[in-house]
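Here's a walk through one model, strand by strand and pocket by pocket. Keep the viewer open as you read.

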Amino acid sequence: METRELRYFVAVAEELHFGRAAQRLAMAQPPLSRAIQQLERRLGVVLLHRTARAVALTGAGSVLLREARAALDAVEAAERRTRRAAAEPFGVVLATKAGASSELLSKLLAAYAAEPGAVAVEVMLCGPGEQEKLLRDGRADVALLHRPFDTTAGLDTEDLRTEQQVVVLPAGHPFAGRPHVSMAEVTTLTDLPLPRWPRRGGGYPDGPGPQVRDHTQLFQLIALGRACAVVPESLRAHLRDDHATVPVPDAPAVTTVIAWPPHSRSKAVADLVRTATRL
């Protein structure tokens, strides 16, 4: 298969409409239809169910969509990493979620800078879930991810720290003086709904909670009495006097990991990972 064919198929599979896909690809619809038919003949499978009114993915089409996205990401990452490797001076790009693991990140950068042969580390602060995409598409060499929120499938990782979660409430809330609360109790706080974070592909899930993009925005909404949130306990360091926190023992533990592409042969990345695991 050619990358051109995979791009054609992904556009059709995501739009589920040949006309919109052709417009997205800046091409005419007939050659796009012929390319998809040729791809189906070569593979010997039906990828799309077509009717006069709708286009739907078959089971085989769903598999190819997942694999094609991964393949195109790998090609794009290879291009980016090759160009960056040719640039001087060569450093390491580390992606991390803004506001998360701040203390760990500070210690890691200081410890790595003291290592013999350390190179410059560019830190890319990003929104929830973005650091994983930056790592997979080649814009970052290494990333700090957080399970279970981030997916580490297909990446090499080392666990750095596991912590419990707390609920963040406005100061003075009736729950504030309790030793702990349950997730079920948190969800009953209809006057303080849980926030809605953006999905990986954009857009927000349905629900009563406010739409948020980062922790600064979230913590301000909580202080104003518009929301509550369940977050890793290390984020307590970012809170002000107008917040209160209570442990939530039955919330899933959060593990911070350092992740990198499995095919990486960068000595700088290896040194950075070793420094992180030592910490």
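## The β10 neighbourhood

Strand β5 (residues 142–147) runs antiparallel to β10, and 5 bridges join the two; strands here are DSSP E runs of at least two residues, helices are H or I runs of at least four, and both are numbered from the N terminus. Two strands count as paired if DSSP finds at least two bridges between them. One spot to look at is histidine 146, whose bridge partner in β10 is threonine 256. Strand β6 (residues 156–163) is also antiparallel to β10, over 7 bridges, and there aspartate 156 stands opposite tryptophan 260. Before going on, a word on the source: this is a predicted model, in which local features need pLDDT of at least 70 and side-chain atom pairs count only at pLDDT 80 or more, while totals for chains, interfaces and linings use all residues. Residues are numbered from 1 along each chain as its sequence is written, and side-chain values use heavy atoms, with hydrogens and water left out.

How many residues of β10 are buried? The count is 7 of the 7, so β10 is largely enclosed by the rest of the structure. Buried means under 20% relative accessible area, exposed means over 50%, and partly exposed is in between (1.4 Å probe, protein chains only). In a regular strand the side chains alternate between the two faces of the sheet. In β10, Val254, Thr256, Ile258 and Trp260 point one way, Thr255, Val257 and Ala259 point the other way, and all are buried.

Neighbours within four places in sequence aside, threonine 152 is in contact (heavy atoms within 4.5 Å) with Arg136, Leu145, Arg147, Thr157 and Val257.

## Nonpolar cores

In soluble globular proteins, nonpolar side chains tend to be buried together. A nonpolar core here is a set of buried Ala, Val, Leu, Ile, Met, Phe, Trp, Tyr and Cys residues joined through side-chain atoms within 4.5 Å. The largest one has 21 residues, and Phe9, Val12, Phe18, Leu32, Ile36 and Leu48 have the most contacts inside it. At least two residues of this core come from each of α1, α2 (18–25), α3 (29–43) and α4, with α1 giving the most, 7 residues. Isoleucine 36 touches Tyr8, Phe9, Val12, Phe18, Leu48 and Arg50, if you skip residues up to four places away in sequence.

Apart from this core lies another, with 14 residues, among them Tyr112, Ile258, Ala268 and Ala276.

## Pockets and a cavity

Rolling a probe the size of a water molecule over the atoms shows where empty space is left. On a 1 Å grid over the protein atoms alone, a cavity is a set of points where a 1.4 Å probe fits but cannot get out; a pocket is an open set with protein on both sides within 12 Å along at least five of seven lines; lining residues have an atom within 4 Å of a point. Points are joined across faces, edges and corners, and a volume is the space filled by probe spheres set on them. The largest pocket holds about 800 Å³. It is lined by 24 residues, and the closest to its centre are Arg66, Arg69, Ala70, Asp73 and Arg136. Helix α4 provides the largest share of this lining, 10 residues.

The second largest pocket has a volume of about 580 Å³. Of its 29 lining residues, Lys97, Phe149, Gln165, Trp197 and Val230 are the closest to the centre, and β8 gives the largest share, 4 residues. As for cavities of 30 Å³ or more, the whole structure has 1, lined by Lys97, Ala98, Cys126, Gly127, Pro128, Arg213, Asp214 and His215.

## Positive phi

Leucine 16, in the loop between α1 and α2, has phi near 50 degrees, a positive value in a residue other than glycine. Alanine 26, in the loop between α2 and α3, has a positive phi as well, near 60 degrees. Leucine 16 counts as partly exposed at 35% relative accessibility, whereas alanine 26 counts as exposed at 70%.
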